[in-house]
Amino acid sequence: MEYFLTEQQKTIKGLARRLAEERIRPVRAELDEKEEFPWAIIKDLAAADLFRVFIPEQYEGLGGGCFELCLVVEELSRVCSGVAVSYAASALGTYILMDYGSEEQKQKYLPDVASGRKLTAFALTEPTAGSDASAIRTTAGKVSGGYLLNGTKQFITNGGEAELYTVIALTDKAKGARGASALLVEKGTPGFTFGKKEKKLGIRASATRELVFKNCLIPEGNIIGRAGMGFIMTMRLLDRSRPGIGAQAVGLAQGALEAAVDYTEQRVQFGHPLISLPVVQDKLAGMAILVEAARALVYAAARTTDSGVKSFTEESAMAKVFASDAAMKVTTEAVQVCGGAGYMKDYPLEKMMRDAKITQIYEGSNEVLRNAIAISLRKRKARTP
Amino acid sequence: MSIKIDPEKCIGCGNCIPACPFGLIEIDRGLAWIKEGCTFCGACVDACGYYAIEIGEIPAPTPTGDSHRGVWVFAEQRQGNLKNAAYELLAKGRELAETLQTELSAVCLGHNIKDVSQLIAYGADKVYLVDSPELADNQEDLCAGQLVALIREHQPEIMLAGATALGRSLIPRVAARLHTGLTADCTGLEIDTEKRLLLQTRPTFGGNIMATIICPAHRPQMATVRPRVFKKNRPQNRQGQIIKADFKREAVTAKTRLLSFVEDLTETVKLEDADIIVAGGRGLGKAENFKLLEELASVLGAAVGSSRPPVDEGWLPYSHQVGQTGKTVCPKLYIACGISGAIQHLAGMQTSDVIVAINEDPNAPIFEIATYGIVGDLFQVVPMLIENLK
Amino acid sequence: MNVVVCLKQVPGTTEVKIDPQTNTLIRQGIKNIINPFDTYALEEGVRLKEKHSGRVTVITMGPPQAEEALREAISLGADEAVLLSDHAFAGADTWATAYTLSLAVRKLGADIIICGRQTLDGDTGQVGPELAEMLKLPFIAYVSQIEEIAEGHIRVRRMIEEGHEVMETTLPAVITVVKEINVPRLPSLRGIARSKSAPIPVWDAATLGAAKDKIGLAGSCTRVIKVFFPKRVSRGEKLEGDLKSQVEKLINKLKEANLI
């Protein structure tokens with residue numbers, strides 16, 4: 001389907017695809033098997049200027065928006081979702097700084113992100129606070145010279161690999177959710193350590209770790225924006241980044257669809273290639289429709305996000321929910337349609353199915369998002385005369 | 001015909017002086033002067049870096065009238081040992097020389113080369129030998145200089161050399177300096193007796209297309225030939241001359257030095273010399289599976305070879321690679337396991353006496369050139385072979 | 001560090017067909033690419049520039065469409081490009097090509113000239129050494145690693161059949177590289193942007209001051225008189241029977257022929 005990309009967008013998409021095919025495809029099975037963080041590919045992404053895609057020009061970026069980011073994530077995810085999320089999570093860890101940071105903070109940190117020299121991560125989730133994000137307990141007590149960070153963050157993508165972390169912590173415990181702030185924490189700050197690397201079902205190339213803060217002193221200049229704005233910034237951030245997860249899901253589903261079509265063309269049973277059997281055609285058609293619908297919705301949400309409208313919570317939530325559900329369906333069906341071979345690690349399908357699950361869970365579980373969409377519907381109904 | 005020095009361009013550097021095979025140039029009052037006796041060979045023109053020398057007329061193509069005679073072969077040696085390529089070229093050279101009714105000579109550069117007389121046994125009428133310790137490492141600047149000087153002195157009509165690593169690097173430099181044509185990697189050499197021309201046939205586009213090339217108006221007609229393309233004759237009791245030629249040092253000193261050499265020791269039986277080769281391709285799947293081929297090779301006393309994909313994947317070193325950008329081999333028996341038979345690989349082994357192909361894909365191109373083909377899973381067939389042969 | 005990289009635009013596949021009537025190549029539908037070995041040469045040049053500061057200029061001799069290859073080279077890190085193009089350059093063999101390139105290199109000036117080992121289409125590997133000869137510069141082929149490079153001096157590792165040699169020579173020099181030397185990078189977004197707007201001058205025979213009798217077909221010492229498809233000798237005897245009996249038959253045949 002034609003999405004009327006500009007020349008620049010086509011260039012970005014083409015380059016991401018080429019990188020994915022030449023550099024990621026040959027190693028994706030090994031990265032998944034060994035749970036190895038794809039540093040070599042991160043360097044390739046950096047050299048290709050792909051980290052500049054989501055940074056404004058005045059900080060050595062190329063000034064792209066959510067849509068351009070989605071194009072890259074989709075292409076990378078088509079080959080390996082684990083690598084794609086490592087890239088996308090670095091955007092996630094940068095947005096709050098980009099949108100609310102001071103000029104000084106942006107000049108200090110953004111060029112390194114744009115050049116790919118430093119990866120970032122976003123740290124909100126804690127053992128007691130997943131979907132219920134407001135239940136976080138990590139504190140950032142005001143002391144002379146800055147803030148003292150104490151607490152634990154859980155399941156942080158790029159944890160341990162990233163140099164720069166945007167951490168949401170309570171600067172004013174008494175105010176609850178309204179007492180949270182966003183702080184920039186650099187790896188290596190005394191009192192900041194990492195827990196063990198998690199072993200996961202899927203996206204195994206991506207590194208997921210606990211962040212442990214024990215009397216970790218953060219300089220005054222590292223609080224982003226105003227104290228107490230942490231949750232508002234977070235909500236806004238997640239709205240911004242959900243189309244990216246949608247793109248991750250779309251890419252994944254696309255890769256699974258292609259692999260399924262390839263296989264069913266070659267595999268001959270009952271004297272015919274599988275793809276000529278109506279039952280298989282029906283499944284493949286269903287998969288193809290889901291992929292395209294998910295893509296169209298994600299692109300629309302991404303463009304809306306970039307358009308400058310004030311609110312896009314509903315659109316980005318819908319895109320993420322639909323695309324992730326589609327990815328789970330498509331990858332599962334792809335394994336099914338490829339039969340025994342689809343179940344074997346020799347083929348990429350089983351990995352794709354394992355990789356898909358997380359897209360329904362993180363960055364706002366689909367259940368929470370559906371709730372949010374429903375609330376949005378009620379609000380709209382209430383406003384309409 | 002005329003020759004002149006352009007005083008505007010000549011800076012009196014003197015590079016032309018050693019280039020003249022007849023020693024006719026001298027520098028006087030900051031300019032070069034050419035004395036009587038110039039044959040317009042053009043050596044000084046090429047030596048001049050400032051385009052200051054001009055010969056008044058370009059020699060017209062006179063293939064039957066020109067006076068270059070003789071077929072020459074560059075007999076490459078390494079560390080004192082003549083390479084097989086030399087004997088292979090002599091076999092072909094002998095054939096060409098007979099057709100042209102002229103002499104076959106070998107040119108040999110190095111230091112303390114063993115068994116130089118073998119070159120005569122293998123077909124040469126004359127051997128021009130330049131022996132100097134400075135040539136021991138095949139220093140290319142010096143070798144090029146010797147060859148150019150000898151060729152200008154004796155004016156052969158044809159010069160053949162092996163398309164070895166040295167040949168492909170050294171011989172083009174000689175051809176450029178002599179301002180003559182060079183055809184690389186020839187697989188066929190014939191004579192057009194009417195025009196007294198060497199017809200040089202070579203593969204292009206990875207072997208998909210063959211081209212026949214001539215060098216009508218320049219001499220010598222130069223060609224490099226891949227090792228193992230022509231088969232050497234049996235050595236015979238023959239008469240011939242070994243002529244010791246002087247080592248000539250160029251006015252331009254050789255600037256390139258060899259510091260050290262590291263041999264690739266992973267080959268047990270040398271691939272090029274093996275009578276039997278067991279080769280593997282992408283079908284092997286992974287590095288460890290080459291052990292199976294190594295076992296078969298050891299039972300047969302064979303060398304292990306490879307097509308390009310396993311080398312690219314790093315399953316074994318480049319020295320095992322057979323093909324367009326690897327080695328050319330011509331064993332008595334070549335067993336290709338899990339090799340599809342892409343034309344780039346065939347280029348390196350299709351002249352083998354007997355080719356056995358084992359591949360699951362009945363349509364694999366390798367079966368078209370295999371003497372015997374087994375369509376089957378190599379992981380079943382090879383163990384069976386090993387079992388049966390033990 | 002002034003680096004000049006010579007590259008050639010070649011057809012993207014060696015699976016080519018000949019038009020039997022005109023005896024010329026049918027080139028339609030085949031994408032043109034930078035000769036793969038030249039991408040290694042370019043990558044090495046760009047790495048030298050990044051490490052030692054300087055400039056990488058790519059040159060190619062070809063028809064106007066060869067400009068695409070030069071633009072691609074810029075997206076891969078080259079600073080400048082020059083296209084050597086003139087009707088008079090057509091039909092050049094390696095000698096005439098090397099001559100034309102040598103004029104451009106002299107005009108540009110270089111500390112090091114890097115070429116790929118050979119091209120996909122011609123496969124001769126001759127232009128590099130012939131170019132060195134015409135420039136009267138030292139030459140080292142099959143470089144697999146530049147170990148050290150400094151003012152006026154270079155030390156490299158190069159591959160030969162038996163293993164590898166470590167050699168040194170003075171700069172300026174000409175080297176050809178093999179694919180073991182590096183892993184060429186992908187283009188970068190900024191490189192692609194630059195390549196679209198970069199001015200690429202075209203130097204013709206007059207600009208280069210080329211001697212008419214040394215360029216193109218006129219300057220070529222060799223001539224192609226015939227082009228044909230190689231005969232594929234079909235020997236193909238596929239053995240019959242189950243695998244076990246095939247193996248037995250094979251061994252018998254090989255024993256009969258005294259091969260094993």
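**Conventions.** Residues are numbered from 1 along each chain as its sequence is written, and chains are lettered from A and ligands numbered from 1 in the order in which they are written. Because the model is predicted, local features need pLDDT of at least 70 and side-chain atom pairs count only at pLDDT 80 or more, while totals for chains, interfaces and linings use all residues, and side-chain values use heavy atoms, with hydrogens and water left out.

View 1. Within chain B, strand 13 (residues 197-204) and strand 14 (residues 209-214) run antiparallel and are joined by five bridges, and B:R202 stands opposite B:A211 of strand 14 of chain B.

**View 2. B:R94 lies in helix 3 of chain B.** With a relative accessible area of 16%, B:R94 is buried, a term for residues under 20% relative accessible area, whereas exposed means over 50% and partly exposed in between (1.4 Å probe, protein chains only). Apart from its neighbours within four places in sequence, B:R94 is in contact with B:L104, B:G123, B:D125 and B:R238, contact meaning heavy atoms within 4.5 Å. In chain B as a whole, buried residues make up 58% of the 390 residues, and the secondary structure comes to 11 helices and 22 strands.

**View 3. Helix 4 and helix 5 of chain A pack against each other.** Their axes come within 7 Å and cross at roughly 155°. Helix 4 of chain A and helix 5 of chain A are therefore roughly antiparallel, since angles under 35 degrees count as roughly parallel, over 145 as roughly antiparallel, 65 to 115 as roughly perpendicular and the rest as oblique. Among the residues that make the contact are A:L69, A:V73 and A:L76 of helix 4 of chain A and A:A84, A:A88 and A:Y95 of helix 5 of chain A. By class, this contact has 11 nonpolar, two polar and no charged residues, where Ala, Val, Leu, Ile, Met, Phe, Trp, Tyr, Cys and Pro count as nonpolar, Asp, Glu, Lys and Arg as charged, and the others, Gly among them, as polar.

**View 4. A:R78 is found in helix 4 of chain A.** A:R78 is buried, and its relative accessible area is 8%. Leaving aside neighbours within four places in sequence, its contacts include A:R17, A:E21, A:R25, A:E258 and A:M352.

**View 5. Helix 3 (residues 39-47) of chain A contains several buried residues.** These are A:I41, A:I42, A:D44, A:L45 and A:A46, and what covers them includes helix 1 (7-24), helix 2 (28-34), helix 4 (66-79) and helix 5 (81-100) of chain A. The helix is followed by A:D49, whose phi is positive, near 70°.

**View 6. Strand 6 (residues 55-61) of chain C is largely enclosed by the rest of the structure, because six of its seven residues are buried.** Strand 1 (residues 2-6) of chain C pairs with strand 6 of chain C in the parallel sense over five bridges, and the bridge partner of C:V4 in strand 6 is C:T57. Strand 6 of chain C is also joined by five bridges to strand 7 (residues 80-84) of chain C, and these two run parallel, with C:L83 as the bridge partner of C:T60.

Technical notes: Two strands pair if DSSP finds at least two bridges between them. Helices (H or I, at least four residues) and strands (E, at least two) are DSSP runs, numbered from the N terminus. Axes are lines fitted to C-alpha atoms, for helices over the stretch in contact, and angles run from 0 to 180 degrees between N-to-C directions.
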